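Hi everyone, thanks for making time.

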Amino acid sequence: MEFIEVTGKTVDDAITEALVKLGTTSDQIEYEVIEKGSTGFLGIARRDAIIKVRKKFTIEDSIKDFLNQVFDAMGMEVEILVTKEDDEKNINVELKGKDMGVLIGKRGQTLDSLQYLTNLAVNKQSDSYVKIKLDTEDYRKRRRETLENLARNIAYKVKRTKRPVSLEPMNPFERRVIHSALQNDRYVTTHSEGEEPYRHVVVTLKR
């Protein structure tokens with residue numbers, strides 16, 4: 001957020017005026033005194049105090065600012081809900097609005113790309129690294145459940161045919177879901193093959 005100039009009879013008055021204009025509290029602003037002001041002599045030649053002030057830019061502000069620019073360019077109205085996990089290093093962003101399928105894309109590719117770009121943009125401005133996870137319409141949970149069902153079905157097929165099965169290319173998150181779903185299976189094992197973006201999971205019988 002850009003600095004704005006605010007005047008008042010005193011510096012304190014100018015700060016109070018700034019808080020009203022910015023709709024925030026004193027702990028959420030940063031300011032610089034340009035002119036301390038003076039009462040003059042018998043009120044003559046009195047000068048107002050002048051400060052430059054702006055609202056502190058938080059991680060939440062950075063996320064919303066970047067995403068709003070993207071959605072404005074797309075002509076979409078999207079509500080952005082940001083919540084931090086307890087460690088404050090993982091941030092969940094829930095997107096709400098109409099036609100959210102456009103943001104999800106085929107197998108979540110658009111949502112993954114938007115998540116990647118948001119992480120790049122926000123961490124460029126942040127002093128410490130944060131991991132931002134984007135979701136809409138509970139897509140991540142539904143996709144996980146779909147992949148876990150797929151993993152179990154593929155494992156059954158491998159046990160029945162005794163032949164390995166290669167799955168379609170998946171992103172790292174989806175591959176981890178498959179590996180995790182079958183890691184305790186007594187009869188099959190999993191590994192990844194290929195190079196990005198064609199890297200995929202292979203399910204085989206344990207030797």
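Let me start with a question: in which hand does helix 2 pass helix 4? The crossing is right-handed, where right-handed means that the near helix is turned clockwise from the far one by less than a right angle, and left-handed means anticlockwise.

Before the details, two housekeeping remarks. This is a predicted model, so local features need pLDDT of at least 70 and side-chain atom pairs count only at pLDDT 80 or more, while totals for chains, interfaces and linings use all residues. Residues are numbered from 1 along each chain as its sequence is written, and side-chain values use heavy atoms, with hydrogens and water left out.

Back to that pair. Helix 2 covers residues 59-74 and helix 4 covers residues 109-125; their axes come within 10 Å and cross at roughly 135°. Helix 2 is therefore oblique to helix 4 (under 35 degrees is roughly parallel, over 145 roughly antiparallel, 65 to 115 roughly perpendicular, and the rest oblique). The axes are lines fitted to C-alpha atoms over the stretch in contact, and angles run from 0 to 180 degrees between N-to-C directions. Helices are DSSP runs of H or I with at least four residues, strands are E runs of at least two, and both are numbered from the N terminus.

Who makes the contact (heavy atoms within 4.5 Å)? From helix 2 we have Ile59, Ser62, Ile63, Phe66, Leu67, Val70 and Phe71, and from helix 4 Leu114, Leu117, Thr118, Ala121, Val122 and Gln125. By class, that gives 10 nonpolar, 3 polar and no charged residues.

Now the second pair. Helix 5 (residues 139-161) packs against helix 6 (residues 172-182) at about 50°, with axes 9 Å apart. These two are also right-handed in their crossing.

On to the backbone. Most residues other than glycine have a negative phi, and most peptide bonds are trans. Asp99, not a glycine, has a positive phi of about 55°, and sits in the loop between strand 5 (90-97) and helix 3 (101-104). Glu196 and Pro197 are joined by a cis peptide bond, with omega about 5°; Pro197 lies in the loop between strand 8 (188-193) and strand 9 (200-205).

Key:
Contact = heavy atoms within 4.5 Å. Nonpolar A, V, L, I, M, F, W, Y, C, P; charged D, E, K, R; others polar.
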